[in-house]
Amino acid sequence: MPENNTPAPFVPQLTTRDWNEEWRLLQKTRRNADDAAYWNARSRTFATKDAPNPYVERFLELADVRPGETVFDMGCGTGALAVPLGERGHRVTAADFSQGMLDRLRENLDERRVSTVTPKLMSWDDDWAACGVAPRSADVALASRSIATADLRDALLRLSKVARRRCCITLAAGASPRTDERMLREIGLRTEVGRDYLYAFNILANEGLRPEISYIDSERTDTFASHEEARATFEDMARRAAGADAPASELQAALARLPEWMEANLVENERAGEPDKKGVPQGPWRLRKPRTTSWAFIAWDA
């Protein structure tokens, strides 16, 4: 009899991969999860004028919130999205687990005489319904650069449950925004590019939703009070990038190259004292070139 050359049936793997479990494992390799105390402390460095900037303007353009629609903003911070939405007349529930951030938000709202935004102290892990955020309670649900939970699937589905029409989020499309990839590469350290947005895309697709992706490039000008502060910042980045498994000799060699890199890249800041995009006074030293963080804007119908 002739040999049977019929190929075995193809079994697609993407539909069976547990993207959320891989996300959980990835989160364990990263720094400890933020807590409210961390962001309460950071809120003191946020001025009360967290004004719209190119990132915010592009996010709101892509979000396409329609006139008269209500909005739920999870992880609102000091109100980068909530305040301009409130100024446009939208009723916004702005939730964050940091009371410090909500205090800055309240200052923003009072200063601009916005009365349509309701701050709410609430975390991703809380019982949202018990906190007053019921299913289908907003037309549009947003989470801008605020998803840092261990259970990404749960976070995405919670947003879908709240929204009546549309959900919009942003996640990093490259390395962490807290990392300067150029510096790490040029002093000889490898950088891990997590591409967080791919996990969200695949989780949503596996749930039968149809996520759409756009990209927002955000320029960041890092400034420093002194060379010592800059060096401490970059050394911390290098140690976190190297991780616990990197050979000590590799890290020490990279740190030895850091002063030369700083000499070539740290310059006097001609705008020292002027407010940055968050309203915080700039330091007297800056990097020669701003660094760009790429964000993936993902939207889907609820």
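Leaving out neighbours within four places in sequence, E69 is in contact (heavy atoms within 4.5 Å) with D64, H90, R91, D139, V140 and R165. This is a predicted model, where local features need pLDDT of at least 70, side-chain atom pairs count only at pLDDT 80 or more, and totals for chains, interfaces and linings use all residues. Residues are numbered from 1 along each chain as its sequence is written, and side-chain values use heavy atoms, with hydrogens and water left out.

So where does E69 sit in the chain? You'll find E69 in the loop between α3 (54-63) and β1 (71-74); helices (H or I, at least four residues) and strands (E, at least two) are DSSP runs, numbered from the N terminus. E69 is buried, at a relative accessible area of 8%. Buried here means under 20% relative accessible area, with exposed over 50% and partly exposed in between (1.4 Å probe, protein chains only). A polar atom of the E69 side chain lies 2.8 Å from the backbone nitrogen of R66.

Now for two helix pairs. Two packed helices are described by the angle between their axes and the distance between the axes. Axes are lines fitted to C-alpha atoms, for helices over the stretch in contact, and angles run from 0 to 180 degrees between N-to-C directions.

| Helix pair | Angle | Axis distance |
|---|---|---|
| α6 (residues 152-162) and α8 (residues 196-206) | about 65° | 10 Å apart |
| α9 (residues 227-242) and α10 (residues 248-265) | roughly 145° | within 10 Å |

On the α6 side, L152, R153 and L156 make the contact, and α8 brings Y199, A200, I203 and L204. Those residues split into six nonpolar, no polar and one charged.

What about the chain as a whole? There are ten helices and ten strands. Of its 302 residues, 43% count as buried. Among contacts with a separation of 6 or more, 75% come from residues 24 or more positions apart. The accessible surface (Shrake-Rupley method, 1.4 Å probe; for residues, only the protein chains shown count as cover) comes to about 16400 Å², and 48% of that belongs to carbon and sulfur atoms.

Notes: Polar contact = N/O pair within 3.5 Å; in protein donor to acceptor, adjacent residues only side chain to side chain. Nonpolar A, V, L, I, M, F, W, Y, C, P; charged D, E, K, R; others polar.
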